[in-house]
Amino acid sequence: MKRLLGGLLLIAICALGAARAAERVDLALVLAADVSRSVDADKFELQRKGYAAAITDRRVLDAIRSGTRRRIALMYIEWSGLFSQQVVIDWTVIDGARAAQAFAEKLLESPRSFADRTSISAGIDFAVKQLAKLPYFAERQTIDVSGDGTNNSGLPITAARDAAVALGITINGLVILSEHPLPWNPAHTNPPGGLAAYYRANVVGGPGAFVMQAKDFNSFGDAIIKKMIAEIAANPRALRPGPG
């Protein structure tokens, strides 16, 4: 009897896994957040709260419901130095307000992962690995990179971007502008030409890729709402805000 029950349990687990793998979503979206040393405690809190608010925002939920499948798969990771990447919230289907609220609450409760250097390239590579393990079928795959500085650790950022784009993945960017450059490395947060231009040239890529910018961490919440709507709707040109 025990052997029979064990066999039935194994069959049920396999069936559940197969059903989950067969589930289709409109978009698989990795939210990849910068938690390097330039992101202090106050900025970190604003960033987390901004993401949590965006995920539960009515406009974002309306965008999700407008899709063919009416649901997306969402993951939240944090990245910093070359060997500093972590999944904060694993793949989760967002199909309405309840799932979004649960995701947001878990995000706000989770501790900070790192405070190291800034390896955007390693963050992208890590996100690509998570997309390879996606337990759903997604029409589109996107990595949403937010950060306040240039790549200063690990492999060249363009190599990581090009490898991801070659797999059919779109990388979008949300740059968080710093009013005051870092005293010890001003070009990190304020590179020549601006951080948005740096992201356009080095970070983003793939079909419809775009860069948005938050004037500072306090405006991050509104910027991420606009960015998520554009990504979910797959029409960034129609929703892209003007300069500034």
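Which residue in S4 does Arg24 stand opposite? Let's find out by walking through this predicted model, one piece at a time.

## The sheet as a whole

Start with the big picture: six strands make up an open sheet, and their order is S3-S2-S1-S4-S5-S6. The pairing between them is mixed. Strand S3 (85-94) and strand S6 (211-214) are the edge strands, and each has a single partner strand, so one side of each has no neighbour in the sheet. On average, neighbouring strands here are turned by 15° against each other, if direction is ignored.

A handy rule to keep in mind as you look: in a regular strand, side chains alternate between the two faces of the sheet.

## Strands side by side

Now for the opening question. Arg24 stands opposite Phe137 in S4. Strand S1 covers residues 24-34 and strand S4 covers 137-147, and the two pair in the parallel sense over nine bridges.

S4 also runs parallel to S5, and six bridges join this pair. Here you can look for Asp144, which stands opposite Asn172 in S5. To get from S4 to S5, the chain passes through helix H6 (residues 157-166), and this β-α-β crossover is right-handed.

For a contrasting arrangement, turn to strand S2 (residues 72-79) and S3, which pair in the antiparallel sense over seven bridges. In this pair, Leu74 stands opposite Thr92 in S3.

## A helix across the sheet

Next, find helix H5, made of residues 120-132. H5 lies across S1, S2, S3, S4 and strand S5 (170-176), and runs at about 40° to S3.

Which residues of H4 are buried? They are Ala99, Ala100, Phe103, Ala104 and Leu107. Viewed down the axis of H4, these buried residues fall within an arc of 130°, so they line one face of the helix. On the other side of H4, Arg98 and Glu109 are exposed.

What do the buried residues of H4 pack against? Their partners are helix H2 (41-56), helix H3 (58-65), S2 and S3. Two of these partners, S2 and S3, are the antiparallel pair described above.

How values were computed: Residues are numbered from 1 along each chain as its sequence is written. This is a predicted model: local features need pLDDT of at least 70, side-chain atom pairs count only at pLDDT 80 or more; totals for chains, interfaces and linings use all residues. Side-chain values use heavy atoms; hydrogens and water are left out. Two strands pair if DSSP finds at least two bridges between them. Helices (H or I, at least four residues) and strands (E, at least two) are DSSP runs, numbered from the N terminus. Axes are lines fitted to C-alpha atoms, for helices over the stretch in contact, and angles run from 0 to 180 degrees between N-to-C directions. Contact means heavy atoms within 4.5 Å. A crossover is right-handed if, with the strands pointing away from the viewer, the path from the first strand over the helix to the second runs clockwise. Buried means under 20% relative accessible area, exposed over 50%, partly exposed in between (1.4 Å probe, protein chains only). The arc is that of the directions from the helix axis to the C-beta atoms.
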